[in-house]
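Please look over the sequence and the structure before reading on.

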Amino acid sequence: MVAVTNLVLTTVLAGLGLASALPPKIGTTNIGNGNGASLDGGRATLKQARRPNYRFNGARSVYRTYLKYGVPAPEDLIKAVAHTDALNAAAVKRDTGSAAAVPIDPRFDIAYVTPVTIGTPPQTLQLDFDTGSSDLWVFSSHTPTSQIRGQEIYTPDKSTTSKLLDGHTWSITYGDGSASRGNVYTDNFTVGGLAVASQAIQCAQQVSSSFTTEESIDGLLGLGFSTLNTVNPASQLTFFDNAKSKLGSPVFTADLKNKQAGTYDFGFIDKAKYTGEITYVPVNPDPGYWTFTSSGYAVGSGNFSGSPITGIADTGTSLVYLPTAIVTAYYRQVQGATNSRNYGGYVFPCSATLPPFTFGVGETKFTIPASYMSYAPVTDGSSTCFGGLQSSSGIGVNIWGDVALKAAFVVFNGANPPTLGWATK
Ligand SMILES: O=C(c1ccc(-c2ccco2)nc1O)N(Cc1ccccn1)C1CC1
């Protein structure tokens, strides 16, 4: 009986495409092939398991019936099976992208830029990928030449696939006081081999001086939630939101590095880029930042304080901005540190010895090395240095900027609900 059952089971499973090699002996209580099947006293109960990415192919189902009864399948049925398989293969989501995040100044990690292409033929620009905002804007042929100083520009009129988004405008002001505004086109857009057709490209008609003087940044690519996008009258989707439907997994990862190029990956998590396990924590997507709660901090080798810190993971902000109590506790350990009104934050002698700074995500601890905590001389050649940790009291939100992100491998998981994954590296 058991032998026949085995044969019946295999045929049924094979017919449903769920066949998994049944073990040689099934007299035990648990068939043990992990699909939740159970067996007792000659009866079998099989839990149906969905096959990920399985795509029904009617022609193949008919084809199997011909096989089952030993009837040769007609030529056009065999062609239909191949045709439907090809369509299914194309539909399976598996696009990915991977691109370098290059520091704009090899001496300091002020910001990172990543090459992108826009239009047909492709125009290459270097954009600052910013998880703290959600506008994709570029220096363009619409930007006054007086406001351009060496930046690459996007010229929609030179692209055969550009389309003006008639009547749409945008305007954004960033926390450091910088700002830009302009009109909007859609065009083909790629990042590291990942392509999006008709991506909203916000063309600058006005940029503030800090953008003009930053000649290595040709624009920003917002990777915050699309709710933050400033295009009027209809807000636009970010590149990530547009690309999600093509990605095997709705994620992008940031592997930023100290004074060297890192990478942004889209659609996959590269195990070679981190050590240990990834700790995932909840994200609050309102009002549009990657907001999460850190489980606490420690200064140098001091005690870990388990007080939660809610803040945002922001690749577009250079420094870490935390509550004043934490910042003063840190600089109390730095000889000669002061909170300078002149320089707008905590400064110290560049020769000072700095403690590392540790922050928690769940049970995992991330230590920002002392070398990351000295950001840069306050002015070129000065012996006074600006701290990588500053107070968030004037901002209204705690910000885990590049100084912190460089100490981790970070997964921005755009599933529903979204989460953030953190791993050491
Ligand atoms: O720069 C921004 C920022 C980004 C986007 C927008 C915005 C306005 C409308 C849509 O997006 N507003 C910001 O202000 N920071 C970082 C920050 C703030 C203050 C000081 C330094 N860094 C936002 C993430 C917190």
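The points below cover the ligand, a salt bridge and some backbone features.

The model is predicted: local features need pLDDT of at least 70, side-chain atom pairs count only at pLDDT 80 or more, and totals for chains, interfaces and linings use all residues. Residues are numbered from 1 along each chain as its sequence is written, and side-chain values use heavy atoms, with hydrogens and water left out.

**The ligand and its surroundings**

- The ligand sits in the largest pocket. A pocket is an open set of points on a 1 Å grid over the protein atoms alone, where a 1.4 Å probe fits, with protein on both sides within 12 Å along at least five of seven lines; a molecule sits in it if more than half of its atoms lie within 2 Å of its grid points.
- Around the ligand there are 15 residues, of which the closest are Gly132, Gly175, Leu228, Ile312 and Thr317; a residue is counted if one of its heavy atoms lies within 4 Å of the molecule.
- This shell comprises 8 nonpolar, 6 polar and 1 charged residues, with Gly counted as polar and Asp, Glu, Lys and Arg as charged.
- An oxygen atom of the ligand lies 2.9 Å from a backbone N or O atom of Gly175.
- A nitrogen atom of the ligand is 3.3 Å from a polar backbone atom of Thr173.
- In the side chain of Thr317, an N or O atom is 3.4 Å from a nitrogen atom of the ligand.
- The protein buries 80% of the 520 Å² that the ligand exposes when taken alone; these areas come from the Shrake-Rupley method with a 1.4 Å probe.

- The whole structure contains 9 salt bridges, each a side-chain nitrogen of Lys or Arg within 4 Å of a carboxyl oxygen of Asp or Glu.
- One joins the side chains of Arg60 and Asp85, at 2.3 Å from N to O.
- Because Arg60 lies in helix α2 (residues 58-68) and Asp85 in helix α3 (residues 75-91), the pair ties together parts that are 25 residues apart in sequence. Helices (H or I, at least four residues) and strands (E, at least two) are DSSP runs, numbered from the N terminus.
- At the start of α2, a side-chain oxygen of Asn57 comes within 3.1 Å of the backbone nitrogen of Ala59.
- Just after α2, Gly70 has a positive phi of about 65°.

**Backbone features elsewhere**

- Thr120 and Pro121 are joined by a cis peptide bond with omega of about -10°; Pro121 is in the loop between β4 (108-118) and β5 (123-130).
- The peptide bond from Asp286 to Pro287 is also cis, with omega near 0°, and Pro287 is in the loop between β13 (275-282) and β14 (291-294).
- Ser198, a residue other than glycine, has a positive phi near 45°.

Technical notes. A polar contact is a pair of N or O atoms within 3.5 Å; within protein, one must be able to donate a hydrogen and the other to accept it, and residues adjacent in sequence count only if both atoms are side-chain atoms. On a 1 Å grid over the protein atoms alone, a cavity is a set of points where a 1.4 Å probe fits but cannot get out, and a pocket is an open set with protein on both sides within 12 Å along at least five of seven lines; lining residues have an atom within 4 Å of a point.
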